[in-house]
Structure formats: structure tokens, C-alpha cells
Amino acid sequence: MDMMPPSSFDRGGPAQPLLIARDLRKHFKVKGGAPGAVVRAVDGVSFTLFKGETLGIVGESGCGKSTLARLLLHLIQPDEGELVFDGDTVAEVRGISVNALRRQVQMVFQDSYSSLNPRMPVQDSVAFGPYVHGKSRSAARQAARDILVKVGLNPDLFGPRYPHELSGGQKQRVNIARALAIEPRMVILDEAVSALDKSVEAQVLNLLRALKANFNLTYLFISHDLNVVRYISDRVLVMYLGSVVELGPVDEIFSRPLHPYTTALLGSRPSMDPANRIEEPPITGDPPSPIDPPSGCRFRTRCPHAEPVCAAKPPVLGEWHDRTSHVAACHLHDPASGHSMARATVGAA
Amino acid sequence: MDGGMKLAPNLVEVEDLTVRFVTREATVHAVNGVTFSVRPGEVLCILGESGSGKSVTLRALMRLLPPRRTKITGRMQVDGQDILSLDRGALRRLRGGLVSMIFQEPMTALDPVYTIGTQIIETICKHKGISRSAARARALELLELVKIPSAAQRLDNYPHELSGGLRQRAMIAMALSCDPRLLLADEPTTALDATVQIQVLILLRKLQRELGMGTIFVTHDLGVASEIADRIAVMYAGRIVEEGPVADVLRAPLHPYTQGLMASTVHGQARDQDIDAIPGSPPDLRRLPAGCSFAPRCRYATPECRASIPEPRSPEPGRMARCIRVEAAVHSFA
Ligand SMILES: Nc1ncnc2c1ncn2[C@@H]1O[C@H](COP(=O)(O)OP(=O)(O)OP(=O)(O)O)[C@@H](O)[C@H]1O
Ligand SMILES: Nc1ncnc2c1ncn2[C@@H]1O[C@H](COP(=O)(O)OP(=O)(O)OP(=O)(O)O)[C@@H](O)[C@H]1O
Ligand SMILES: [Mg+2]
Ligand SMILES: [Mg+2]
């Protein structure tokens with residue numbers, strides 16, 4: 001290989017990140033909009049996913065979480081950017097193919113109905129992946145039975161059922177079984193528990209944790225529920241309007257958020273304590289449209305610390321090195337930015 | 001006004017409400033003997049998981065359920081009016097007059113072909129019989145009340161021209177336009193982003209207090225209830241299994257379902273431990289189990305629980321739970 005990724009890690013082995021995303025970009029044309037108008041759904045996103053970790057992705061509706069997930073699986077083509085999976089560039093001549101990527105990365109969506117065939121017993125849906133990936137019919141069926149047991153569904157009882165004969169939690173278990181049936185190394189969970197009732201969500205979260213340990217998995221966990229992300233993640237990536245505003249270890253993000261948006265997002269969580277209700281909203285206004293996002297820092301229109309420099313130039317996320325790095329894209333944390341309150345970040349390792 | 005002569009100060013009284021949906025294949029037992037009341041100026045949160053009957057209860061109170069397939073029994077009074085015996089005219093005056101409703105999805109309440117202003121003005125004219133210009137002034141006042149920026153311009157916007165948060169505010173403005181005494185809110189903030197949800201919750205809380213509206217607020221989110229409720233009623237499989245002041249219920253839930261719901265709601269649990277989840281899933285409303293509907297999932301269930309539906313028990317004033325263990329549990333604390 002003559003094109004080593006410019007990363008400080010060895011290729012392969014435990015230190016090689018499982019996935020590196022570099023400057024991913026995806027703009028969608030606006031149907032019926034002004035000519036040339038685009039939604040900047042994902043606008044220059046870079047991050048590293050380390051082996052065996054759970055990286056949580058949070059951000060409000062429309063900030064580009066699902067688009068990013070689909071880019072990582074090449075379900076949609078990036079306009080720009082590069083994806084490196086365990087040292088191999090994805091979909092490049094010398095890298096690994098998209099098919100090889102999808103054998104190693106699986107996805108579980110929020111809406112169980114779109115991913116399970118309504119006219120197929122769920123055991124056949126689960127067996128389909130292993131069969132397509134080369135197992136014999138009977139071996140695929142056996143693999144399906146085994147994995148159904150692992151997700152807590154009795155294959156004799158639930159295997160022959162059709163999706164409409166299952167509860168939401170059971171359907172989501174089947175979806176997880178289906179994703180795991182081909183023994184992937186990485187699973188992208190896009191709001192995988194969001195549609196479930198709280199009492200069932202807890203069951204599925206426990207299951208996900210157990211499976212991860214059992215199968216040595218790496219998770220990308222997308223959710224708008226900060227409490228759930230805090231529980232399940234090792235590191236957290238915060239998105240706002242198509243870009244990454246903060247990235248760091250979960251405890252750092254929750255106890256010492258650097259970006260004013262992260263602070264606002266954390267402060268917007270209901271108190272769970274009627275004696276200490278939130279009296280003032282942390283920020284006002286709605287997120288602006290991703291069609292014509294604000295210049296410079298995209299958060300500046302709602303930011304309590306915005307200054308002219310925030311409109312003039314976009315802040316950069318800064319360099320991260322390993323699992324302990326804590327970085328934010330904010331002029332407040334760049335002493336050279338020219339922001340009157342700027343100071344060096346203490347969080348970065 | 002005979003309302004003023006009454007001893008009962010309650011704005012809403014619901015007694016033993018049942019709602020069934022009857023189709024050829026099956027009967028859905030959506031609401032199974034619900035009793036509650038709301039005082040003027042009070043916020044009652046109905047908390048429950050999907051399918052527990054929250055929306056059906058609210059819709060029954062407005063008689064918004066499809067009359068043919070729906071069987072309603074029990075008694076519902078709002079401001080002294082017997083809801084089940086109202087004729088069409090009286091119902092129309094009730095809806096949008098004495099009682100207003102806001103929904104999770106504002107697009108169901110707002111008409112996409114008219115501007116926000118037109119819709120609010122029409123509503124005011126219809127119910128108040130005042131001139132258009134007076135109604136327009138009132139509409140502007142309302143948009144300002146719900147803190148819509150540049151309210152005057154927004155009057156001329158169509159619903160799709162507003163962001164989700166602004167649409168929700170516009171719907172609240174419309175709901176308030178005829179000075180309702182009772183506001184019914186069905187998950188009005190569930191579809192909103194976190195930073196917008198808290199803005200709308202705080203706004204609703206403030207308006208409700210200032211205008212002294214009684215409010216029934218439906219949510220599946222404990223956190224939302226903790227921000228807005230005076231009292232909460234926890235629903236499970238079409239029954240209220242626990243009720244009480246919000247702080248008391250959250251601090252010391254009585255019913256095993258409420259306890260389980262709180263334990264399984266993720267908020268700050270240790271990351272290296274499993275969440276204490278409730279096993280199983282809610283019952284099929286077409287085939288409810290005999291006795292306590294939660295018994296099949298309850299770690300304390302005994303044969304007695306499966307034999308008959310537990311009667312409400314009140315261990316202290318203002319609190320209630322339908323669980324045979326309740327009195328014993330509370331007495332042991334005393
Ligand atoms: N195929 C598409 N064509 C046009 N626009 C799209 C397409 N897919 C997504 N978008 C737009 O891209 C932006 C990002 O969408 P995306 O679904 O990635 O957001 P998200 O963060 O997953 O939101 P949510 O939390 O609501 O799931 C949105 O403005 C969305 O409307
Ligand atoms: N018009 C109808 N015909 C038949 N069944 C109905 C009808 N409306 C509601 N149901 C059923 O009644 C039960 C209670 O529904 P309801 O909408 O009150 O639930 P909910 O507590 O509001 O749940 P969610 O949190 O999902 O909104 C559900 O099983 C639902 O499928
Ligand atoms: Mg999404
Ligand atoms: Mg509902």
C-alpha cells in the first residue's frame with residue numbers, strides 16, 4: 001500500500017481506528033426551491049471512530065445525523081470527503097469495496113417497518129443476510145436461530161411470526177438480530193430506541209450493551225435523547241446544522257461542555273425535579289434553515305456570546321489525537337480568534 | 001349561571017369513563033374506568049406509554065371520537081356541562097370556546113391554505129362576534145403573547161412558512177384566542193427540538209398561570225411532566241393506576257408500574273450497570289388480562305392481583321394508587 005492514511009496510528013491492529021471520516025460533505029438540491037439552492041445536510045464532517053467504543057451523535061432534528069449515517073455506509077454518495085475503514089479507503093481503487101464495507105458495518109433504523117419485510121416470517125428476514133453473504137440455506141437458518149436467542153427471542157415462538165404480530169420492542173430486537181446475523185464489526189444505530197416506550201427502551205439498551213461486549217462491537221449511536229446518549233456512549237459528537245461543533249469523552253461533554261450550543265442543549269433537558277424547574281430557556285429561537293445557514297459560525301444567531309468575528313469566519317474544530325481529546329469549533333476556545341472572551345481550551349488533551 | 005352556585009369547585013369531573021372501539025373483528029378496550037378531576041387553574045398531566053389511552057381520554061372529553069364505532073360510558077362534566085348530553089350546537093360552542101385543544105402536530109390544527117392571521121381572526125370572529133379589525137388587533141396581541149418575533153409580519157405567513165417551534169406557538173395562540181377556561185394539550189412539545197421544547201413548555205406554564213386556565217396535559221415524558229404538572233395521573237392499559245401531586249409521585253411513586261417507569265427512564269444511571277427495565281410489554285387492549293393489567297409484568301404480583309381489578313386506595317390525602325400493596329407499604333413508612 002503506497003497510500004497510508006496520514007494518521008498517527010498503525011494500520012490494522014487495536015490502535016488503528018475502525019473508521020475515519022474526513023471532511024464528508026453532502027448537499028441536497030431543494031425541490032421547488034430557488035435555482036441552485038441546496039440543503040447543506042452534511043457540510044464538512046470529520047471524526048474518528050476507535051475500535052470497541054460507542055460514539056454517540058447528538059443534535060437536533062435536521063442537523064444531518066441520518067445523512068451522515070447513510071454516508072458512512074455509502075447508501076448515498078458523498079459529494080466530497082473520504083472514508084477509511086480499518087486503514088482501507090472505501091470505494092477507491094486501492095481500497096475496500098462498498099460491498100466489503102457493508103459486510104462489516106450494519107445499521108439499525110428507528111422505524112422497524114421499513115426494514116422488515118411484512119410478508120416474511122421474521123426468521124427468514126434474519127436469515128437473509130447470512131444467505132446473501134454466502135452461507136447455505138440451512139446454515140443461514142441456523143445462524144438466524146442462534147442470533148434470535150441472543151436478542152432474547154425464542155426462535156420457535158417468534159421466528160415464524162410476521163412483523164405485525166410483534167410488539168415494537170420485539171420488532172426492534174429482530175432488527176438488531178438482523179443487523180448482527182452477518183457478524184459485523186460495527187453497527188450504526190440511528191434512533192434505534194427512540195420510538196420505543198421507556199419501559200421497553202430500557203430493555204433494548206441493556207441488550208445492546210450486552211451484545212456489544214459479547215461480539216466485540218463498535219457502535220455509532222445516533223439519538224436526540226441526551227440522557228440515553230450519556231448512558232450508552234464512551235465519546236460524544238455534537239452536530240449543529242451539518243457540522244460538528246464538539247467532540248469529546250462523554251463525561252467531559254456532560255460536565256465541561258465547551259461549545260455554547262452543547263451547553264444550551266444540556267440545559268434544555270427537563271429537570272426531573274418539580275422543585276427545581278427551568279425558569280428561563282437556555283437559548284431562544286429555532287435552529288435556522290440548513291438551506292441558507294448563517295455565515296461564519298452557524299450557531300451565532302442564537303449564541304449569547306456572538307461577536308462580529310463569529311459572523312466573519314467559521315471556527316474550526318481543532319485537532320484530536322485519541323479517545324481523550326476534547327475539542328470544540330468555537331472562537332471562544334481559540335486564543336487567536338480575535339473574540340474578546342477567547343481563551344485557550346483546557347479540555348483538549 | 002348555575003356553575004357559580006355549585007359546591008363542587010372542579011372545572012372538570014370525569015367519572016368512570018370507559019371508551020371501547022368496536023369493529024367486526026375485535027373490541028379495543030381503550031379506556032377502562034377512568035376517574036379524575038381538574039380544578040380551575042390547575043395542570044393535570046396524564047402520563048403514560050404509547051397506547052395507554054391518553055389521547056382517547058382527551059378526545060372523549062371533546063367528543064372528538066368517531067361516533068359510530070365508539071362506545072362511551074361514564075360521566076364527564078366541564079364547567080357544570082354534561083359533555084355526553086350536549087347537542088351539536090352546544091358542542092360547537094364548547095370547542096374553541098370554553099375548551100381548546102392543542103396537538104403534537106400543529107399541521108393537524110392549522111389549515112395550510114390560509115394564513116396564520118386569517119385563521120386566528122376567523123376563530124375570534126366566530127366565537128366572539130366582534131369586528132374584523134378588533135379581531136385582527138387581538139390576533140396580533142396573541143402572537144405577541146406567545147412570543148412570536150415580528151408578530152405583525154407573521155400574521156400574513158402560511159403555516160408552512162413557519163418553523164416547527166413557531167407553528168406550535170401559532171397553534172397555542174389560536175387555542176388561546178377565545179379565552180378558554182380549559183386547555184387540553186396532547187403532547188404539544190413532543191415533536192419539537194430539545195432547545196425549542198423547553199421554550200414552549202416555559203411559555204405554556206407562564207400563560208397557564210397568568211390566564212388561570214385549567215389544563216390537561218398529555219405526555220409520555222416524565223421530564224416534561226416534572227416541568228409543567230401540578231398533579232399527575234399515570235395511565236396504564238386504559239386505567240389511571242396512580243395519581244397525586246407531581247413532586248410526591250416523582251419522589252415516592254406508589255404503584256409498581258410508576259416505580260418501574262421511573263427506574264427504566266434513563267437519566268443519569270451508572271454507565272456500567274444495566275438499567276432496571278420492566279420486563280415484557282403492555283397488554284393487548286383487545287384481550288385485557290383479568291385483574292390488574294400490570295400484574296403480568298409486576299415483580300410483586302400475587303394470585304389476588306390476577307383475580308380482580310384493584311380498587312383505588314388513598315394512603316394520604318390527594319394520593320391514589322390502584323395496587324393491593326399500597327396501604328401496607330405506606331403504613332410501614334409511617
Ligand atoms: N434525500 C434528501 N433530499 C433532500 N433533502 C434531504 C434529503 N435527506 C435529508 N435531507 C435534508 O437534510 C437535512 C439533514 O437531514 P437528516 O435526516 O440527516 O437530519 P437528522 O439529523 O437525522 O434529523 P432527525 O433528528 O429529524 O432524524 C434536513 O434538512 C433534511 O431535510
Ligand atoms: N379510532 C380508533 N379506533 C380503534 N382503536 C383506536 C382508535 N383510536 C385509538 N385506538 C386505540 O386505543 C388505544 C389507546 O390509544 P391512544 O391514542 O389513547 O393512546 P395514547 O396513550 O395516546 O398513545 P400515544 O402515546 O402513542 O399517543 C390504542 O390501542 C389505539 O390503537
Ligand atoms: Mg435522523
Ligand atoms: Mg396519543
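Is Asp86(A) buried or exposed? With a relative accessibility of 16%, Asp86(A) counts as buried; buried means under 20% relative accessible area, exposed over 50%, and partly exposed in between (1.4 Å probe, protein chains only).

Before going on, some ground rules. This is a predicted model, in which local features need pLDDT of at least 70 and side-chain atom pairs count only at pLDDT 80 or more, while totals for chains, interfaces and linings use all residues. Residues are numbered from 1 along each chain as its sequence is written, chains are lettered from A and ligands numbered from 1 in the order in which they are written, and side-chain values use heavy atoms, with hydrogens and water left out.

**Exercise 1. Find the salt-bridge partner of Asp86(A) and say where the two residues lie.**

Step 1. The partner is Lys51(A), with 2.8 Å between the closest N and O atoms. A salt bridge here is a side-chain nitrogen of Lys or Arg within 4 Å of a carboxyl oxygen of Asp or Glu.

Step 2. Lys51(A) is buried too, at a relative accessible area of 18%.

Step 3. Asp86(A) sits in the loop between β4 and β5 of chain A and Lys51(A) in the loop between β2 and β3 (54–58) of chain A, so the pair ties together parts that are 35 residues apart in sequence. Helices (H or I, at least four residues) and strands (E, at least two) are DSSP runs, numbered from the N terminus.

**Exercise 2. Work out the strand order of the open four-stranded sheet in chain A.**

Step 1. The order is β2-β1-β4-β5 (chain A), and the pairing is antiparallel. Two strands pair if DSSP finds at least two bridges between them.

Step 2. At the edges stand β2 (38–49) and β5 (88–89) of chain A; each has a single partner strand, so one side of each is left without a neighbour in the sheet.

Step 3. Look at the β5(A) end: two bridges join it to β4 (residues 80–85) of chain A, and Phe85(A) stands opposite Asp88(A).

Step 4. Arg25(A) and Glu80(A) form a salt bridge, their closest N and O atoms 3.4 Å apart. Arg25(A) belongs to strand β1 (residues 19–29) of chain A and Glu80(A) to β4 of chain A, 55 residues away. Glu80(A) is partly exposed, with a relative accessible area of 45%.

**Exercise 3. Describe the surroundings of Val108(A).**

Step 1. Val108(A) is part of strand β6 (residues 105–108) of chain A, and at 1% relative accessibility it counts as buried.

Step 2. Leaving out residues up to four places away in sequence, Val108(A) touches several residues, including Gln172(A), Ile176(A), Val187(A) and Leu189(A). Contact means heavy atoms within 4.5 Å.

Step 3. Asp190(A) is another of these neighbours.

**Exercise 4. Which residue pairs with Arg181(B) in a salt bridge?**

Step 1. The partner is Asp79(B), with the closest N and O atoms 3.0 Å apart.

Step 2. Arg181(B) lies in the loop between α6 and β7 (182–186) of chain B, and Asp79(B) in the loop between β4 (70–78) and β5 (81–82) of chain B, so the pair ties together parts that are 102 residues apart in sequence.

Step 3. Arg181(B) is partly exposed at 37% relative accessible area, and Asp79(B) counts as partly exposed at 23%.

**Exercise 5. Characterise the contact between chain A and chain B.**

Step 1. Chain A contributes 42 residues and chain B 45 residues.

Step 2. The two chains bury about 3400 Å² between them, 53% of it on carbon and sulfur atoms. Buried area is the accessible area (1.4 Å probe) that two parts lose on being put together, summed over both. In chain A, Tyr231(A), Met272(A) and Arg277(A) lose the most area to chain B, together 20% of what that side buries.

Step 3. Three salt bridges are counted between the chains. Arg205(B) and Glu279(A) meet in a salt bridge through their side chains (3.6 Å, N to O).
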